[in-house]
Amino acid sequence: MPNKKAITINFARRQITKSLLCLVVFLAFASVAGQYFKYFVSNGRLARAVDLFYSGKESSIPTWYSSVALLFCSLLLALIAFVKQSGGFRYVRSWYILSIIFLFLSLDEVAMFHETMGMVLRQFFNTSGALYYRWVIIGIPLTFLFLLSYARFIAALPTKTRWLFLLSGTIFVGGALGMEMTAANYASLHGEDNMIYALLTTFEEFCEMLGIVIFINALLSHLCLYINNLHFYLDAKK
């Protein structure tokens, strides 16, 4: 007769958060250091090598990290939705929709959907300054629509989770839209191939990555309200 062997996965929230935070700080430092070397030391030599660590490049290590971190958020959100569905809690659909949104954001990091959107909008809007990157014309109203549609969901969250959600969202959106528009305004005046733009872009990406680290911490903390660990069972023969 077969028996079942248990595999337990614990949620080491603090360790995961600290590790991710250290990685984000390192990536930001590497981005700035690499661009400084590019513009002031090497005079453009080894540009491709240092750009692997530049947050402003889509095909870079920070970009791939962000994609994986967003995918991790999507998986955690799906797990929370499943746990809440099993327990008969409210807002199960909202958790699943959040999981899908973060899956899309993860794909966007590497597939550059928002840049494609910007190129399409270029045909209709001749903008400059803060709207130099035209995708924000769609991104801003979508952000407000999301906040309005999720207002009750956020209000119903436990106090700690709610404040962590709001903090992470503020930092993430501040980077994705606020700093993006700041960098866009500078780029429209001075171009993108300079150290100041590199600093602005790195800070933008740092805000996004930091917001995601706080969000992951919030998700793990919220998940621990319901389960401390997961048990998977594998059928094994004696």
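Leaving aside residues up to four places away in sequence, which residues does Thr-17 touch? Thr-17 touches Val-213 and Asn-217, where contact means heavy atoms within 4.5 Å. Thr-17 sits in helix α1.

A word on the source. This is a predicted model, in which local features need pLDDT of at least 70 and side-chain atom pairs count only at pLDDT 80 or more, while totals for chains, interfaces and linings use all residues. Residues are numbered from 1 along each chain as its sequence is written, and side-chain values use heavy atoms, with hydrogens and water left out.

Now the overall layout. The protein chain has nine helices and two strands; these are DSSP runs numbered from the N terminus, with helices being H or I of at least four residues and strands being E of at least two. Along the sequence the pattern reads β-α-α-α-α-α-α-α-α-α-β. The chain has 238 residues, and 41% of them count as buried. Buried means under 20% relative accessible area, exposed means over 50%, and partly exposed is in between, with a 1.4 Å probe and protein chains only. Among contacts with a separation of 6 or more, 73% are between residues 24 or more positions apart. The accessible surface is about 13,900 Å², and 68% of that belongs to carbon and sulfur atoms. Those areas come from the Shrake-Rupley method with a 1.4 Å probe, and for residues only the protein chains shown count as cover.

Back to α1. This helix covers residues 13-41, which is 29 residues, and reaches 41 Å from its first C-alpha to its last, close to the 42 Å expected. The expected span is 1.5 Å times one less than the number of residues. Its buried residues include Thr-17, Leu-20, Val-24, Leu-27 and Ala-28. Thr-17 counts as buried because its relative accessibility is 16%. An α-helix has 3.6 residues a turn, so residues three or four places apart point the same way. The buried residues of α1 pack against α2 (47-51), α3 (61-87) and α9 (195-223). Just after the helix, Asn-43 takes a positive phi of about 55°.

Lys-38 is also on the buried list for α1. What does the side chain of Lys-38 meet in a salt bridge? The partner is Asp-51, at 3.5 Å from N to O. A salt bridge here is a side-chain nitrogen of Lys or Arg within 4 Å of a carboxyl oxygen of Asp or Glu, and by this rule the count comes to one. The pair links distant parts of the chain, with Asp-51 in α2 and Lys-38 in α1, 13 residues apart. Asp-51 counts as buried at 10% relative accessibility, and Lys-38 is buried at 13%.

Next, the nonpolar interior. A nonpolar core is a set of buried Ala, Val, Leu, Ile, Met, Phe, Trp, Tyr and Cys residues joined through side-chain atoms within 4.5 Å. The largest has 34 residues, and those with the most contacts inside it include Tyr-65, Trp-95, Phe-153 and Phe-165. Helices α1, α3, α4 (92-111), α7 (151-155), α8 (159-190) and α9 each supply at least two residues of this core, and α9 gives the largest share, eleven. Beyond neighbours within four places in sequence, Phe-153 is in contact with Tyr-91, Ser-94, Trp-95, Leu-98 and Phe-165. A second, separate core of twelve residues includes Tyr-133, Met-179, Ala-184 and Ala-187.

Two residues go with that region of the talk. Tyr-91 is in the loop between α3 and α4, is partly exposed at 26%, and has a positive phi near 60°. Most residues other than glycine have a negative phi. Gly-211, in α9, is buried at 1%. Leaving aside neighbours within four places, Gly-211 is in contact with Ser-168, Ile-171 and Phe-172. The C-alpha atoms of Gly-211 and Phe-165 are separated by 9.2 Å, though the two are 46 residues apart along the chain.

Last, the surface. Which residues make the nonpolar patch of about 530 Å²? They are Leu-71, Leu-75, Leu-103, Phe-104, Leu-107 and Phe-113. Patches are made of residues with over 30% relative accessible area and no salt bridge; like charges are joined within 9 Å, and nonpolar side chains (Val, Leu, Ile, Met, Phe, Trp, Tyr) within 5 Å. The largest share, three residues, comes from α4. Leu-71 lies in α3 and is partly exposed at 35%.
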